[in-house]
Amino acid sequence: MRIKPDPMLLPTWCYFLRNLGPKSPGAHDQGEASERAYTETETRPHTRSSSCSSGLRAIPRSSSAWRHPHLRCQQVREMQRGSMQQQPWNSDRRRTAIGRTALSVPARQALADRQLTLDRTVLDYGCGRGDDLRALERLGCKITGWDPYYRSETRAEPSAVVLLTYVLNVIENPAERHATLKRAWELANTVLIVSARLTWEKSKVRGESFGDGLLTSRQTFQHLFGVSELRSYVEEVTGARVVSAAPGIFYVFKDDSARLSYLAHRITPDAEWLTSEDTASAITALVEYVERRGRPPRIDEMPRATAELLAHLKPSEVKRLVNDSADSDKVSEGGKRSTLNTLLYLAVELFNGRGPFASLPVSVQLDVRAFFTSYKEACQRADRLLLKLRDSGYIRGAMNASAVGKMTPTALYVHQRAVGLMPTVLRLYEHCASIAAGRPQEWTIAKLKHQGRAVSWLSYPDFDKDPHPRIESSYMVDLQSLETSHLSYANSANRPLLHRKHEFLAPDDPDAPRYRRLTESELKADLYASPHLIGTENGWEAELTRCGRALRGHRLVRRLAN
């Protein structure tokens with residue numbers, strides 16, 4: 001049966017997220033302890049590009065219209081009246097096809113998300129020079145490519161996966177842009193992967209305003225999308241629900257079960273089974289799974305080799321062996337973890353219209369059967385968890401009680417390795433932001449604001465190598481307005497840096513003791529006496545000089561006189 005959400009709940013992304021503002025604290029649900037306890041385990045927003053339906057086509061620079069302004073204006077007016085015939089795909093767009101030495105960001109993301117697999121056919125629609133095509137062929141993918149300039153002789157055939165990589169942003173005619181996206185959607189049998197350049201890249205694109213974008217000096221067109229603009233546009237054209245895989249990268253699934261499986265995998269990635277070479281090792285692998293998941297697997301959840309090695313045993317024998325070998329405490333912890341993961345999945349799925357029990361991925365169905373009295377009960381508990389996002393007092397209390405992360409007056413900062421250890425309501429908070437606008441591929445620390453509702457993902461590429469790592473970029477999504485912003489510090493001469501690295505990690509992280517020792521040494525050397533000065537590279541270097549200290553790796557030493 002289909003479970004109807006509580007009428008008090010806000011059933012859509014936009015309405016719910018835009019009403020996540022501070023709410024006066026109220027009485028919390030008196031549900032199970034795992035729900036009540038907290039200890040369960042930036043920049044200016046970009047403006048949207050204006051919409052234009054004028055149907056303008058780029059005027060070649062070689063045209064006399066560019067040398068004579070009055071002719072150019074006349075030609076533009078003719079194009080607006082539709083007197084000039086449109087081309088199916090402007091040949092000047094070939095200049096936008098860049099050569100790559102590595103896979104594009106969308107292709108890498110699709111591989112990481114298991115959307116590009118060896119058993120699926122792939123079409124790179126608008127493949128350009130074919131660099132992704134060749135790289136994916138080397139990886140064993142069954143892929144073909146079509147491009148109006150470089151591979152026009154190839155026939156674009158329906159495929160399981162269709163890549164539409166940085167194509168929409170180079171089409172200057174809105175009607176043709178719409179038709180291209182619609183055609184790509186028609187060719188996709190399982191999933192369409194759409195990507196486009198975003199507004200934060202405006203500093204990299206120089207040109208004159210033209211239609212709803214820019215006309216560059218190379219006679220190419222660029223329409224830079226806002227993240228929410230691109231999402232809305234893809235949903236409008238395809239008429240399907242869209243999932244944000246990363247900023248500017250969206251998955252559109254033809255089959256709802258494929259979308260649900262993808263969302264489940266994002267919350268609970270499939271763990272690797274231990275290698276099984278004989279019956280004993282197969283039993284060991286099975287016991288490890290039960291301790292991790294809190295329940296025995298169904299046979300189709302097991303690797304084929306493991307299932308074959310256990311096939312000669314009766315189910316009762318396997319059950320007895322597991323019960324005798326598994327650590328009951330680990331099984332109990334695994335069950336709690338799976339329970340909370342299921343609640344997280346069901347809470348997120350409400351935004352897309354929660355379906356009947358039979359529509360859930362098999363692994364989620366089994367978790368519901370194992371850890372809840374019914375699907376209805378699981379949905380009701382997930383709904384209560386979702387509503388807690390609106391309670392600022394509850395969110396602040398969860399942050400204060402979190403066993404991981406660094407709490408500041410405005411936000412909680414948590415390292416990527418510790419995000420999964422946050423209280424469940426905070427994991428839901430971060431996950432809602434990632435579903436709404438995409439989590440960047442490269443990030444180190446998540447910043448969750450408790451004043452308002454916004455999540456930032458901060459990139460510190462040298463976090464583990466540099467004793468005081470410098471920030472490289474920040475990507476923020478405001479859950480109330482759904483606006484996103486991006487800031488790059490790559491060319492900054494005085495970047496912000498981090499101190500007390502151990503505070504961002506879990507207490508039992510293997511690197512935490514080494515980072516803690518460095519912090520203690522710096523405290524003894526009086527380096528933290530002026531917190532307002534040490535937040536940037538220049539300020540920190542000045543304090544090191546004042547105190548006569550220098551850093552050698554993660555060791556603080558006295559600075560030599562010279």
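A charge is said to sit over a ring if NZ of Lys or CZ of Arg is within 6 Å of the ring centre and within 35 degrees of the ring normal. In this predicted model, the charged end of Lys 254 meets that description over the ring of Trp 185. Arg 453 is placed likewise over the ring of Tyr 429. The distances are set out below.

| Charged residue | Ring | Distance from the ring centre |
|---|---|---|
| Lys 254 | Trp 185 | 4.6 Å |
| Arg 453 | Tyr 429 | 5.8 Å |

Tyr 149 is partly exposed at 43% relative accessibility, and Tyr 150 is partly exposed at 28%. Tyr 251 and Tyr 262 also form an edge-to-face pair, because their planes stand at 70° and their ring centres are 5.2 Å apart. Tyr 251 belongs to strand β9 (residues 249–253) and Tyr 262 to helix α9 (residues 256–267), so this pair ties together parts that are 11 residues apart in sequence. Tyr 251 is buried, with 0% relative accessibility, and Tyr 262 is buried with 4%. Elsewhere, one aromatic cluster is made up of Trp 200, Trp 457 and Tyr 475.

Helix α19 spans residues 537–546, and its buried residues are Glu 537, Gly 539, Trp 540, Glu 543 and Leu 544. The elements covering these buried residues include α18 (512–524), β16 (549–552) and β17 (555–558). Just after α19, Gly 548 adopts a positive phi of about 65°.

Note on methods:
Residues are numbered from 1 along each chain as its sequence is written. This is a predicted model: local features need pLDDT of at least 70, side-chain atom pairs count only at pLDDT 80 or more; totals for chains, interfaces and linings use all residues. Side-chain values use heavy atoms; hydrogens and water are left out. Buried means under 20% relative accessible area, exposed over 50%, partly exposed in between (1.4 Å probe, protein chains only). Helices (H or I, at least four residues) and strands (E, at least two) are DSSP runs, numbered from the N terminus. Contact means heavy atoms within 4.5 Å. Rings of Phe, Tyr and Trp (its six-membered ring) pair if their centres lie within 6.5 Å; planes under 30 degrees apart count as stacked, over 60 as edge-to-face and the rest as tilted.
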